Amino acid sequence: MQAQPQGRPKVRRQKPHMNQLEQARAQIDTVDRQMAALFEQRMAAVRQVIEYKQATGMPILDSGREAQVIEKNTAYIAEEVLRPYYADLLRAQMALSRQYQAYVLGRDVVAHQGAEGAYSHIALTRLFPRAKALSLATFDEVFDAVQDGRAAYGVIPFENSTAGDVSDVLDLLYNHSLYIVQMYDLPIRHNLLGVPGAHLRDVTDVYGHPQALRQSEAFLTKMGLATHAWPPQAPNNALAAQYVAAQKDPTKAATASAEAAALYGLEVLAEDINTDSDNTTRFIVVGKEPPVGGDRFCLLFTVDNKPGALARVIQAVAEAGFNMECIKSRPRPHVPFEYYFYIELVGAHQPDRERLMERMSSICETVRLLGAYTK
């Protein structure tokens, strides 16, 4: 009888009691439990901060303090590659702390102009994800809501990288005793929204905010579409999306965000129709509390209508060592052919800022700290 060939002997491997993956996951679970306990301890300390701020009227947001916390605590991380990740964790942690403070203090109402799904509303949800959003029809109403205490903050578009500044907002800042406490840059992605079942070839008329229509002009002109500011009294992209949804007309479309499409049951017929792919809107957050700190600040001032008056201000800024990133001028209300000025300066050292304002007070008719923040 011929012997049968023998195969390779089977090696019986013993399964370890706990393999490497299980060990790592168990260690993560242990750390997570410790972090949960430390999170509660931290928030208990935050509660004490809340009580102090409530007693003294201090603002919730202190950009300068947050920058110091990040710089100090990232230095505790020995492995350098992990430091930026830890900095992100600290930022998220401090954002949660601010939200909790606002909730406890009853200051979690934030106002914006326009309907839900408007870009102002989107910026609000990014900055204040747990806030109660107060939707108002006009910028004036947003400022009034913050001024009279119905809202703790207002989120307002300030300027666009394509269309320029929103001059009405600068005038509102000049006429109200509010401060800029934060700035936020939101990339803008206009889309063409239509009713379900519509096709791009069906569309003849497009509705939206005039700025959105201008920012999408190349696409809309190429398609031969008629454009309409909607609503006529106070144009707004989200309200234009509402209008198109209500009309149920496949020939009508709106320029608005993808968020607005989801909110109002519309379909995206064309994505990213911006002429400029880098289209960005800068939003400001306005509040009643005097600004505390940050890596930049802005001033409003007026000067005598005399030769060299503005040049002396610019020279004072340079001598103080600040970088002037922006200067704007606007007509002064009820003073024909005279102007007020807005400047944005980079620099976090508060004593230098105060010395500059003191110097400017001797040069200018009026000077006012409008805001201090970290962008």
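**Pockets and backbone exceptions**

Analyst: In this predicted model, the lining of the second largest pocket is made up of 13 nonpolar, 13 polar and 5 charged residues. The space in this pocket is about 630 Å³. Of its 31 lining residues, Gln113, Phe139, Pro157, Val166 and His209 are the closest to the centre.

User: What makes Phe139 a lining residue of the second largest pocket, and to which class does Phe belong?

Analyst: A lining residue has an atom within 4 Å of a pocket point. Phe139 is listed among the residues that line the second largest pocket, so it meets that cut-off. Phe counts as nonpolar.

User: Which elements supply at least two residues each to the lining of the second largest pocket?

Analyst: They are helices H4 (119-127), H5 (139-147), H6 (167-175) and H7 (210-215), together with strands E3 (153-160), E4 (164-165) and E11 (280-287).

User: Why is Lys248 called exposed?

Analyst: The relative accessible area of Lys248 is 66%. The label exposed requires a value over 50%, and therefore Lys248 qualifies as exposed. Lys248 is located in the loop between H9 and strand E9 (252-256).

User: What makes the phi of Lys248 worth noting?

Analyst: Most residues other than glycine have a negative phi. Lys248 is not a glycine, yet its phi is positive, at about 50°.

User: How do you know that His334 is exposed, and what is its phi?

Analyst: His334 has a relative accessibility of 84%. Because the cut-off for exposed is over 50%, His334 is classed as exposed. His334 also has a positive phi, about 65°, although it is not a glycine. The residue lies in the loop between strand E13 (323-331) and strand E14 (339-346).

User: What makes the peptide bond from Trp230 to Pro231 an exception?

Analyst: Most peptide bonds are trans. The bond from Trp230 to Pro231 is cis, with omega near -15°. Pro231 is placed in the loop between strand E8 (226-229) and helix H9 (237-247).

Key. Residues numbered from 1 in each chain as written. Predicted model: local features only at pLDDT ≥ 70, side-chain atom pairs only at ≥ 80, totals over all residues. Heavy atoms only, no water. Helix = DSSP H or I, 4+ residues; strand = E, 2+ residues; numbered from the N terminus. Buried < 20%, exposed > 50% of the residue type's maximum accessible area, 1.4 Å probe, protein only. 1 Å grid on protein atoms, 1.4 Å probe; cavity = no way out; pocket = protein on both sides within 12 Å on 5 of 7 lines; lining within 4 Å. Points joined across faces, edges and corners; volume = space filled by probe spheres on them.
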